[in-house]
Amino acid sequence: MAVIVAITAQFLSQHYGTPAMLLALLLGIAVNFLGEEGRTVPGIAFGSRTLLRLGVAFLGVRISFDLMMGLGVQVILLVIAGVLATIAFGLIVARFFGHKWRFAFLTAGSVAICGASAAMAISAILPKDERSEERLIFTVMGVTVLSTLAMILYPIAVDLLDLNDLQGGVFLGGTIHDVAQVVGAGFTISETTGDTATLVKLIRVATLAPVVLVASLLIRRFAEAPVGEGSPPILPSFVVGFLVLATLNSLHLLPPFVVEALSSASRWLLLTAIAAVGMKTDLRQVLKVGGAAIALLIVETTFICLFILLGVTLIT
């Protein structure tokens, strides 16, 4: 059932131009009764956990360090600084919106790194409680909607600010949350902008593994797990898979057809996983997260936008 929802979401996305991740989530929520009782429950649980981790691991084949180095050290450092600064900013300001560190890290990490994929990876290492899935669903919905708006509005901003192709590519790739929307925004301006934006975005994706690794170590060391929950693993298996595939691809040890196959598999696995997560979710509970959570996401998105824009104007 999760696969059927994912295929339907992809079909609608191709024909109506709506993000497939958002469609899979909404369609999954529409049939959430399938995740509550009946024969489909074990399969949906498998999709929302195991397929999610496998999909994140396969993301590693998109990383090629030699291509990224072509952008220059200054750009790479700017993008990495943007990721770390956004996460730190989210952790600091969340308290003013009435949220604790779990939700702060989840939202800030998804905004800083790669949207829905990062949200699902980070959620996998956070200690679980009764509201874990609500926070994940809200974050995926929020960053996907904001990323879609950014895909439309940011190219207009690039034109208004009179940024050149390189500056525009760094800005778009360094600020828009999801990879698909980065590609869409970049190539609406020019091929050079699109290529640059995609590479910059992949630098952000490459930070996923080290961020999750460091976070899992800190959580294991300092966070108190809820009753009945063990500590997160020191090194989650999907992070190991991500790092191994990224290294192999960077060393050109993977044939192009394998890279293409695993990249496509990653997208379908994550799409199926988010459909399954939606099928386990009660939308009424998600909406209880409240307006403060929406405001937090918007503030974090605004922060990374201004941070990268300032950096772009200073170094290029």
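**Figure 1. The largest nonpolar core of the predicted model, shown around its most connected members.** In this predicted model, the largest nonpolar core holds 92 residues, and the members that touch the most other members are Phe171, Leu208 and Phe238. Helix α8, which spans residues 132–160, supplies the largest share of this core, namely 9 residues. Apart from this core lies another one, made of 8 residues, including Val61, Leu254, Leu262 and Leu269.

**Figure 2. The surroundings of Phe171.** Once neighbours within four places in sequence are left aside, the residues in contact with Phe171 are Tyr154, Val158, Leu163, Cys305, Ile308, Leu309 and Val312. Phe171 has a relative accessible area of 2%, and because the limit for a buried residue is under 20%, Phe171 counts as buried.

**Figure 3. The aromatic pair of Tyr154 and Phe171.** Tyr154 and Phe171 also form a tilted aromatic pair, for which the centre to centre distance is 5.3 Å and the angle between the planes is 40°. The pair links distant parts of the chain, with Tyr154 in helix α8 and Phe171 in helix α9 (residues 165–175), 17 residues apart. Tyr154 is buried, its relative accessible area being 12%, and Phe171 is likewise buried, at 2%.

**Figure 4. An aromatic cluster.** Three residues, Phe89, Phe303 and Phe307, together form one aromatic cluster.

**Figure 5. Helix α6 and the helices that cover it.** Helix α6 consists of 12 residues and reaches 16 Å from its first C-alpha to its last, which is close to the 16 Å expected at 1.5 Å a residue. The helix is mostly covered, with 11 of its 12 residues buried; among the buried residues are Arg102, Phe103, Phe105, Leu106, Thr107, Ser110 and Val111. The elements covering the buried residues of α6 include α5 (73–93), α7 (116–125), α8, α11 (191–206), α12 (208–222) and α16 (291–315).

Conventions:
Residues numbered from 1 in each chain as written. Predicted model: local features only at pLDDT ≥ 70, side-chain atom pairs only at ≥ 80, totals over all residues. Heavy atoms only, no water. Core = buried A, V, L, I, M, F, W, Y, C linked by side-chain atoms within 4.5 Å. Buried < 20%, exposed > 50% of the residue type's maximum accessible area, 1.4 Å probe, protein only. Helix = DSSP H or I, 4+ residues; strand = E, 2+ residues; numbered from the N terminus. Contact = heavy atoms within 4.5 Å. Phe/Tyr/Trp six-rings, centres within 6.5 Å; stacked < 30°, edge-to-face > 60°. Expected span 1.5 Å × (residues − 1).
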